[in-house]
Amino acid sequence: MDLHPSSDPNPNFNTPSDAIAPAAPPLSLLHVSFNQDHGCFAAGIEHGFRIYNCDPFREIFRRDFDRGGGIGVVEMLFRCNILALVGGGSDPQYPPNKVMIWDDHQSRCIGELSFRSEVRSVRLRRDRIVVVLEQKIFVYNFADLKLLHQIETIANPKGLCAVSQGAGSLVLVCPGLQKGQVRVEHYASKRTKFIMAHDSRIACFALSQDGQLLATASSKGTLVRIYNTVDGSLLQEVRRGADRAEIYSLAFSSNAQWLAVSSDKGTVHVFSLKINGGSPGIDRSQTASDPVTPPHSSLSFIKGVLPKYFSSEWSVAQFRLVEGIQYIVAFGHQKNTVVILGIDGSFYRCQFDPVNGGEMTQLEYHNFMKPEAAF
């Protein structure tokens, strides 16, 4: 999951760019994304990139480039010294149609991949590099940069793509060739599954770590659906709200018991997942504290008569932020915590009550774009 300001060439993104203009003009934030286990995050800026630790919050390192230096994509590989970089901003460090493999131990690029059009996003696994263009996705072997697979997609200006991070074989999710459709590639079984997830276009999706669960949201942004990636069945549907919203990010907790959602409405929601299955060896029914049952409408006895809205499942916990600013969300390494990153440089760590739900408690706030004196 990652963030790019709406000044990106993205015809589907309709938040006014002035609403999410970063507060400090000299340090314009071009990109923010978590690493694979959500323990770190990376920021691309107009003259380099920075890597931060989430808990405890601290800057791990930064690289400032002398000439130009805009970095529009920074993809980490867990906590190792290898990063994937793509140039961005008004004065890019690298051409926007190239993926540079950066070794921070050597402070230099050790490989590059070139394309005929701009790179929208990159996803890394220990064994694979996945490069997302506007209408194509390329899958490479990490060790020798050999091309293994090409996938055609519908127009994908946000570079939507998710890959499983478990020890097992790769599961990759991307937009299909039709509006509202997602494509799931199971590389171990060499099977492709198409899921018609929504009527309108796909705005966001996320995979559980083992690649067995998929959460999707459409451009309407009212409902989030959770699918089984193996057979494509719909397992659960939750409601963010009644009015339209641009969903910025979705994230499963590591045990797939919770799902977090951020949108342009400025509220981060946490939903309880009651899915049996998913990660083997995890019995989700036996939790230490029985999680709160999500609020259902008390009118459910006339469910057949009333619109679906009344029988919806609502979020268990919420955290309210500034409306109109782009935020991405992930679960923290401490129990029942959520980490939120804003394109304005804001970092929040919050805790939710799994039994009573309600408003989350803010544990920590920083602006990671302030000069280092602020730490």
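What you're looking at is a predicted model, where local features need pLDDT of at least 70, side-chain atom pairs count only at pLDDT 80 or more, and totals for chains, interfaces and linings use all residues. Residues are numbered from 1 along each chain as its sequence is written, and side-chain values use heavy atoms, with hydrogens and water left out.

**Overall make-up**

The chain has zero helices and 30 strands; helices (H or I, at least four residues) and strands (E, at least two) are DSSP runs, numbered from the N terminus. Of its 375 residues, 57% are buried, where buried means under 20% relative accessible area, exposed over 50%, and partly exposed in between (1.4 Å probe, protein chains only).

**The cores**

A nonpolar core is a set of buried Ala, Val, Leu, Ile, Met, Phe, Trp, Tyr and Cys residues joined through side-chain atoms within 4.5 Å. The largest one here has 35 residues, and Phe41, Val270, Val338, Ile340, Leu341, Met360 and Phe368 have the most contacts inside it. Strands giving two or more residues to this core include β2 (29–34), β3 (40–45) and β27 (337–342). The biggest giver is β26, with five residues.

**A five-strand sheet**

Five strands line up as β22-β23-β24-β25-β29 in an open sheet with mixed pairing; two strands pair if DSSP finds at least two bridges between them. At the edges stand β22 (247–252) and β29 (358–359), each with a single partner strand, so one side of each has no neighbour in the sheet. Inside the sheet, β23 and β24 run antiparallel and are joined by five bridges. Valine 261, for example, has histidine 269 in β24 as its bridge partner.

**Arginine 225**

This residue sits in strand β20 (residues 223–228). Arginine 225 counts as buried because its relative accessibility is 18%. Its side chain makes the polar contacts tabled below (a pair of N or O atoms within 3.5 Å; within protein, one must be able to donate a hydrogen and the other to accept it, and residues adjacent in sequence count only if both atoms are side-chain atoms).

| Side chain | Partner side chain | Distance |
|---|---|---|
| Arginine 225 | Histidine 198 | 3.4 Å |
| Arginine 225 | Glutamate 237 | 2.7 Å |
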